[in-house]
Structure formats: C-alpha cells, structure tokens
Amino acid sequence: MAGIQESPAQRIERLDSLPWEGAGSPGVGIGRTTSQLVDIWRHRELLGLLTRRELKARYKDSTLGFFWSLIKPLTQLLIYAIVVGEFLGAARNVENFAIYLFAGLTIYLLFSEVVGGATSSIIANSGLVKKVYLPREIFPLSAVGSAIFNFLIQFVILLIAAAVFGTLTFGPHLLYGLGGFAVVLIYATAIGILLSALNVYLRDVQYLVEVVLMLFMWGTPILYHWSFATDRMPPWLAEIYLNNPVTLAVIGFQEAFWAPTSDAEPLPLLALRLLIAGVVGVALLFGAQRVFSRLQGNFAQEL
Amino acid sequence: MVKSVPVVQLSNVSKRFVIRKEKSLKERIVNAGRSAKFREDFWALRDISLEIESGSTIGLIGSNGSGKSTLLKAIGGIIEPTSGSVLRRGRLAALLELGAGFHPDLTGRENVYLNASILGLSRKQTDFYFDDIVEFSGIANFIDTQVKFYSSGMYVRLAFSVAIHVDPDLLLVDEVLAVGDEAFQRKCLDKIRSFQAEGRTIILVTHSLGQVNELCDRAVLLKAGSVVFDGEPQKATATFRDILEDRRLEEVAAHADEPINQGRILDVTMTVVGREQGAAVEPGDDIEVAMTFEHDTGMPNWMAALQIDSVSGQVVYGSTTKRAGIKLSPLREAQTVTFVLKNSNFGSGKYFISASLMDTSGVHMHDLVQVLSFNVPYYSLAVGTVHAETEIVVG
C-alpha cells in the first residue's frame, strides 16, 4: 500500500465497506478481551520499539552503558555471598552458595524489575497516554520486555558461573528453570498491569511496591534454603510459604542450575506445584487485564 | 458511486470529569466517609450527537473550556465518554501534540521510527517514507543527533514531517498549526489542502477563526459542552463572535463600578457622501463614520479607533486618532470624532464597522464590535477585499 495513491472515490468506496468500530479501547465486556489482545498484537512492532527505547535511553549517555545494569545485581550478589554466606555462615550449610544465591537472585530480580517498572510505566509515559490512542497495556508490557532483556544478560552470566562451578548438567531438571521463568513472568505481568492502572489513581502505589518488593525478597528462599524456614513453621504456614509462586520459581531455578551437585532435600511435587501456579497465574493475568481495561478509560484525565 | 459516507458517528456523548481536591492515600483514608464533599462534577460534554461525512473538513470552535479538545479526544479514543457512543471507521491519525512520544535521549532517526509507529505506520512503511520524511523536515544533517540538542523549530519540523507521512483517512488536529514560523504554517496549511483534495476527513480545533473560514466546509460551535451551532463556518464564526462579545460585556458589567470603565461610546453613525442612508457603497465613494464618546469622571488622554472587518473576520482597515497625529482634548462631555475614508475602494461583499474608545497606551475602554455594516455591490471582474479597475492584456 505504501506509495500507491488512492483516489478520493476509491477511498470513499473502501471506507464504505469498512465496519464501524468503537473509538478507543474495544470495550470491557467478557468477549472483548480477545479483541483487546488482537489490538495489542497489532501494535507489537511499537511494543518492540518502546522496549528498545527504554533500554537505550536508560544508559544513553554513560560510557559503560549496559554494563551498569549488571553492576547492581553483581554487587548485591557479592555482599550477600560475603555477609550472609561467610560471616553469618549460611555457606556452611549450602554447598556452592554463590551459585545458589545467584540462581535465586536472578529470577527474583526479574520479578522485581517487571513489577517495579510496570507499576510506574503509565505515569512515565503520560505524555503518550494523554495525546495518542494506543492500547495502554503496551506500556507495562514494554517494561516487561526491558526487564526480560536485563534478565537474559544476567542469565547468561549465571550459566557461565554454573558451568565453571560444575553445577550445570544437562537433563530434564533444566525444565524447572523454564517453569520458574514462566511462572514469574505470568505473575509479575499480572501484578504489574494491575498496579500500573492503580498507580494512576493513587500514586502511593509505586512507593508501596518498592517496600513490598524488598520484604518479598526475604520471604522467598534466596538467601537460605527453604527447609530452614519450613522447619520453624507450623505445617499450614509452611504450605502457604512454599506455594507462593515466586518461592516456587526461585526453587525451580535453584533446582535447575544449582541442585545437581547438591544432596539437599528437593521440594516434593515441584513440577505439579509450578503447573498449578502457572494455571492460576494465567487466570490472574486475565483478571488483571480486565481490571486494567476498566480503569484505563479515565487515564487521560487522571494524569 | 457514493459521494461521501459517514466516517464518525457520535450519539448522545457526555463526559463528566470529577474534580477531586486530594490525592494521597492518607488524605483519602482520612476523608473516606466524606469523599462526596471533596468531589465536584464537571460536565465537559453534554449530550453531543454528530455525524461526520468523509472528505469534509470540520472546525471545532468555542471559547476556552468549552469542550472542543475533549470532544476531539473522545473521537480519537483517548478519552472514554461517560455515556453515549463514538463509532468510527478508517485509519485515524491524531495530531494532538507535535512530537508526542519523542524521547529526548534518542536520535532523530530513532524517534522518527518510534513516532511513526505510534501513529500507526509499520517499520516497512517507515523505511519507505524515511527519506521523504527527512527531506521534508529539512534537517538531514541532524538526523543522527539526539533530539534534546534540537532547537524547538527543528523538533517541530521533524514531528510534523512524520505526522503528514502517515496515511490517515481521518486526521484530528488540535491547535498544532499555531506553532512554528510563518513558512512552516504555510506548509501545514498547504498539506491540509492537499489532504482535502485526496478526500481525507479532517477535524480541526483552532482559535483562529480566519482559518476556520478559510479551510473548513463545516463548523461546530461548542459552548459549555453543548453544540450551539453546527453548519456553515461563516455563520458559526459570527455566532461565536457574538458569544465572545456577550461574555466581554458581562465581564465589563461585573466591573461596572470601577471608575476605569466609565467611558463609553454613545453612538456610531455612517454616511456615504452623496448617497442615501443604507445604500450600497460603490468603489470611489467617501465614507464618513462619526462616533460620539463620553466619560463620567473625565479622561485626559484618549483616542478613538475605527476598524473595518470582512465577513471572514479579516481586518481590512483600521486607524486611530493617534495614528493621524491628532491630540484630542480631555473627554468628559459628549464629543464626536468623524473618520472620513476618502475614495474608498472595497471589493464586493459585506463589511462590518467597529468603534473603540482607548487610552493612549492602547487599552480598550469600550468597544462597539461590528456595530454597523455596509455592502459593496458585486463586481464581476474580481473577488477579494480590494477593488481595482481590472484590465487584462494577453500577449
């Protein structure tokens, strides 16, 4: 179509044959979710560009560029490995503690970056939200995209480290890593989409999220083995603790990239738990999108 | 073949804004029970129904806060109406702000791709148009520079250049034509004309009534969220001027006891030398406009002004006693000033006379806007506001 001039008469004919569409978001009814997804799919190129923009603009004028996105997690890793691992003695109970730590930290940082980035994404793009119609889910999704990119870089380092320490072996247990990644992505996206919409109406959400994410990190077995926590809990609380989807994902990642050389007790039924968490997560994601589409009608005036 | 088909249908569209005073969590919790007291409803649009035909150019006019931009955003889908429905078909491009979505840290090239994608072009199409876009913008040398180093003019040029290369069926334009230098505005207007010729539909929000008369074939006048006039642009702009004048008079009335506004124009009369009262003005006639002024408390320095407007609102003549170098004696009792326009040569059409009382720094004390009018008969050889004997020599 590019470059082909259309005569006014042809334009009228084409317009006449087009069906009527509602302006703006395709609506909030149950059946509309599909058309909203189609709308987002149509804008996938833009999604890619926005993700790239976010990544490019972040470290644009710094000399080291992307290197900075690695420095933060690596420093965190170093501090935890020394302070928690050596000083507090966690490394004595967990062999290859650095890998254990890094596996959990990598997947947790993905969760934290998606939720944190998505929550503030609508506000950060308020210029666009107010001036152009786009399916607004694009903005939290582009935050997801850029978080995945950062995750992949860290993930490559994790693989290298695991290979060096000899904890990387090939086998079906690697699927736990994939499962953990999928579960984190589903939940983080659902929460991110929901909170990004709420944040427009109540700006406190983004600060609250920072605090909760910090708390959440200690609530997942990144710095200690999960059995340390469950040993001190009544059984019902231990079940809740273990079935937290982020905990499952962290354990899944450790299972995939650290466990092969360890004789620590594996979590029973991990695959099933991940699967259930995934199914529930998809339902949650669907619900979050519905809430988002209901709230987004007033975005332009609230910003 | 169909001549035109509707492309936008608004039925009973209303939009309510809730104005809230508080925002933080603490304030909300503290005020939770009484939140109704802290909100105020504001109807930006009330029950608007419109149908817009393809190929037409529509001007939305109205004073500030009358809901024009809200209506445009509702058509564009940026704002969802509280009630009613907006239906639309065809590809839409909204120019609500030039360069919305430009990121200062990215280069011009990256921003062109991003912006084009926001406006709905695919990567392939942008590749195809890229050279055209850069050429039209005239900033090829800076295309790989971050846009934060651009001057505002360069920024606007690039943004506009992207926007016009999108191939929309329906173009929404919100006052963006007011930015940029004159050459750039010309470029914008030329582009809009060629869009018209290509059968695209344009909806325009503007404060320039001249532009509405010039470009649009239909105008919608909004007042406090309702449509008060929908039809011919000339009539719409005239109605709008009446509304503005009424509002100005109200404001004046509200401040009536202030001594500053105690001056007034009592009377304006017009005579054409050698013709009957109310007769048409022929080219070459002398026009006499007499204005009578008065001031309650006395005004030492003042001037009288005369302005003649065409139907489209264009000023075709204007002068003041100050321009003529006349020092008027202090105004208190009624005083009459007569402007004589010798050998006037107005082109055919209707003209309006406005009179003003001003202080010498140009502050208007009292205006009688378009208080009188006269007609100049049809001249078959030319159009426009200036009359000249026409002779065409070929060869």
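This is a predicted model: local features need pLDDT of at least 70, side-chain atom pairs count only at pLDDT 80 or more; totals for chains, interfaces and linings use all residues.

Biologist: How many helices and strands does chain B have?

Modeller: Chain B has 8 helices and 16 strands. Its C-alpha trace spans about 80 × 70 × 50 Å along the principal axes.

Biologist: And what percentage of the residues in chain B is buried?

Modeller: Buried residues account for 36% of the 395 in chain B. As for sequence range, take the contacts in chain B between residues at least 6 apart: 71% of those join residues at least 24 apart.

Biologist: Which domains is chain B divided into?

Modeller: Domain 1 covers 1-91 + 168-185 + 196-254, domain 2 is 104-167 and domain 3 is 262-376. Where domains 1 and 2 of chain B touch, each gives 6 residues to the contact. On the domain 1 side, those residues are 3 nonpolar, 1 polar and 2 charged.

Biologist: OK, sheets next. Which strands of chain B form the open sheet, and in what order?

Modeller: The order is β13-β12-β15-β16 in chain B, with antiparallel pairing. β13 (315-320) and β16 (364-376) of chain B are the edge strands, each with a single partner, so one side of each has no neighbour in the sheet. On average, neighbouring strands of this sheet are turned by 15° against each other, ignoring direction.

Biologist: How many bridges are there between β12 and β13 of chain B?

Modeller: There are 5 bridges between β12(B), residues 302-310, and β13(B), and the two pair in the antiparallel sense. If you want a spot to look at, I308(B) stands opposite Y317(B) in β13(B).

Biologist: Which strands does β11 of chain B pair with?

Modeller: One partner is β10(B), residues 263-272, which runs antiparallel to β11(B), residues 287-295, with 9 bridges between them. There, V268(B) faces M291(B) across the pairing. Another partner is β14(B), residues 335-341, joined to β11(B) by 7 bridges and also antiparallel. In that pairing A290(B) sits opposite T338(B).

Biologist: Switching to chain A. At what angle do α10 and α11 of chain A pack?

Modeller: The angle between α10(A), residues 174-201, and α11(A), residues 204-218, is about 135°, and their axes are 7 Å apart. The cut-off for roughly antiparallel is over 145 degrees, and these two helices therefore count as oblique to each other.

Biologist: Which residues meet there?

Modeller: From α10(A) you have L195(A), L198(A) and N199(A), and they meet V205(A), Q206(A) and V209(A) of α11(A). That contact has 4 nonpolar and 2 polar residues, with no charged ones.

Biologist: Last topic: how many residues does each chain give to the contact between A and B?

Modeller: Chain A contributes 35 residues and chain B 44. On the chain A side, the elements giving two or more residues are α1 (8-17), β1 (21-22), α3 (44-58), α8 (126-131) and α16 (299-302). By type, the chain A side has 18 nonpolar, 6 polar and 11 charged residues.

Biologist: You listed β1 of chain A. Which strand of chain B is it joined to?

Modeller: β1(A) is joined by 2 bridges to β4(B), residues 83-88, and they run antiparallel. You can find the pairing by looking for G22(A), which stands opposite L87(B).

Technical notes. Residues are numbered from 1 along each chain as its sequence is written. Chains are lettered from A and ligands numbered from 1 in the order in which they are written. Two strands pair if DSSP finds at least two bridges between them. Helices (H or I, at least four residues) and strands (E, at least two) are DSSP runs, numbered from the N terminus. Axes are lines fitted to C-alpha atoms, for helices over the stretch in contact, and angles run from 0 to 180 degrees between N-to-C directions. Domain bounds come from an automatic or database domain assignment. Two residues are in contact if their C-beta atoms, placed from the backbone, lie within 7 Å. Ala, Val, Leu, Ile, Met, Phe, Trp, Tyr, Cys and Pro count as nonpolar, Asp, Glu, Lys and Arg as charged, and the others, Gly among them, as polar. Angles under 35 degrees count as roughly parallel, over 145 as roughly antiparallel, 65 to 115 as roughly perpendicular and the rest as oblique. A residue is buried if 20 or more other C-beta atoms lie within 10 Å of its own, exposed if 12 or fewer, and partly exposed in between; C-beta atoms are placed from the backbone.
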